[in-house]
Amino acid sequence: MAKLSVIVPVYNVEDCLEWCLDSLRVQTMGDIEIICVNDGATDGSRDVLARCAQRDGRISIIDRENGGLSAARNTGMRAATSPYVAFLDADDRFVPQACERIVAVMDSTKADVLTFGAHPYPRDAGTKWLDLVLSPRDVVYDEFHPALLFEEASRPFSWRTVCSRDFLSRAGVSFDETLAFGEDQVFDFAIYPRSAKTVLISDKLYEYRVSRSGSLMDRRRKDPCSMMLEHVDIVRRVFDDWSHLMDDDGTSLLRKYAANMLSWLVEFVLYDSLSLDDRSWRLVCAALRPLLDGPLAADGVAGCSPSERAIIRASLSNAAVGHVRRSVLAVRYYLEKRGIKRALEAVRERL
């Protein structure tokens, strides 16, 4: 039995697929199984897979009708036979020692979940935010703590997370196939609180292609209002899951960590929504209101920072909150979170 299953979802990536799979062929540890899930590709990706499989007997190909990235990953997870399961997107690649390092850490720590670092590809395509989130520190969590999700560089991007197959089975965790976008966030919020032991390592074992024309992320950025409404849907699903996850005293994690969740909601949805046009801002606020009304806001808003509370109040207000007022709120938030130098940069960007 191979020590590591690497799941590669494949959809219309013929131009970079061989480049991706070649990174698995040259791994310093050869004891891996490579599960390529052809998600109904309509270009030449299937032919590329066939050629690569002829050269490397560790590659297996699963053909399925197009169902999206989450469905393809779930298909690969069901087919995996190794103790550990990793994910590699077909336009990215592992560094040569990635699999060896992953297995060594999982073997030595007996962790349920491992999250590692990554490089942007090309290297000069990174941003300050991306470099930060792709650079976790070396730390072990022997039980869940909110810092794992809200302070560490642990999310998003499930492709830099490895899970034990036994953990995935016990926890009943899979990717949400009804989401067209944001499945990584939902997956992260599902696995970390369920993991008995989570390890973060600073090793950068992955090369992440920052932008590819025609990619899902590329298409989403062209319609910021729709993207923010999709973010609202992601938050709704995470809140629903956490409302059913109970602490030892019977309190839901959503209530226990209400302030953390509200701070994340501001960061993930409301801050970027402040720069939308008036109509789009109102649409996002209307979509969020059912999540913010009631016990969550009552329990958590006191634990939020002053700028976060101001943004939450603005989103709940029935009165018009114009562009100038929203710009002030954005600057206050940025100043509070990032400092005056980067806040002034944000002002220039919004003028």
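## Overall fold

The protein chain has 17 helices and nine strands; helices (H or I, at least four residues) and strands (E, at least two) are DSSP runs, numbered from the N terminus. This is a predicted model, in which local features need pLDDT of at least 70, side-chain atom pairs count only at pLDDT 80 or more, and totals for chains, interfaces and linings use all residues. Residues are numbered from 1 along each chain as its sequence is written, and side-chain values use heavy atoms, with hydrogens and water left out.

For 351 residues, a compact globule would have a radius of gyration near 20 Å, and the 21 Å of the protein chain agrees with this. That radius is taken over C-alpha atoms, and the globule rule is 2.2 Å times the number of residues to the power 0.38. Along the principal axes, the C-alpha atoms fill a box of roughly 65 × 45 × 40 Å.

Of the 351 residues, 52% count as buried, that is, under 20% relative accessible area (1.4 Å probe, protein chains only). Contact means heavy atoms within 4.5 Å. Among contacts with a separation of 6 or more, 80% join residues 24 or more positions apart.

## The nonpolar core

A nonpolar core is a set of buried Ala, Val, Leu, Ile, Met, Phe, Trp, Tyr and Cys residues joined through side-chain atoms within 4.5 Å. The largest such core has 114 residues, and those with the most contacts inside it are Leu4, Val8, Leu21, Phe94, Val162, Trp242 and Leu288. Helix α12 (residues 258–273) contributes the largest share of this core, nine residues. Leu21 touches Val8, Ile34, Cys36, Leu49, Cys52 and Ile59, not counting residues up to four places away in sequence.

The table gives the relative accessible area of two residues.

| Residue | Relative accessible area |
|---|---|
| Ser252 | 10%, buried |
| Phe167 | 0%, buried |

Ser252 is found in the loop between α10 (224–244) and α11 (253–256). Setting aside residues up to four places away in sequence, Ser252 touches Trp242, Ser243, Leu245 and Met246. Trp242 is also one of the residues with the most contacts inside the largest core.

Phe167 lies in helix α7 (residues 165–171). Beyond its neighbours within four places in sequence, Phe167 is in contact with Asp112, Val113, Gly172, Ile191, Arg194 and Ser195. Phe167 and Pro193 are 26 residues apart in sequence and 12 Å apart in space, C-alpha to C-alpha.

Definitions and conventions: Buried means under 20% relative accessible area, exposed over 50%, partly exposed in between (1.4 Å probe, protein chains only).
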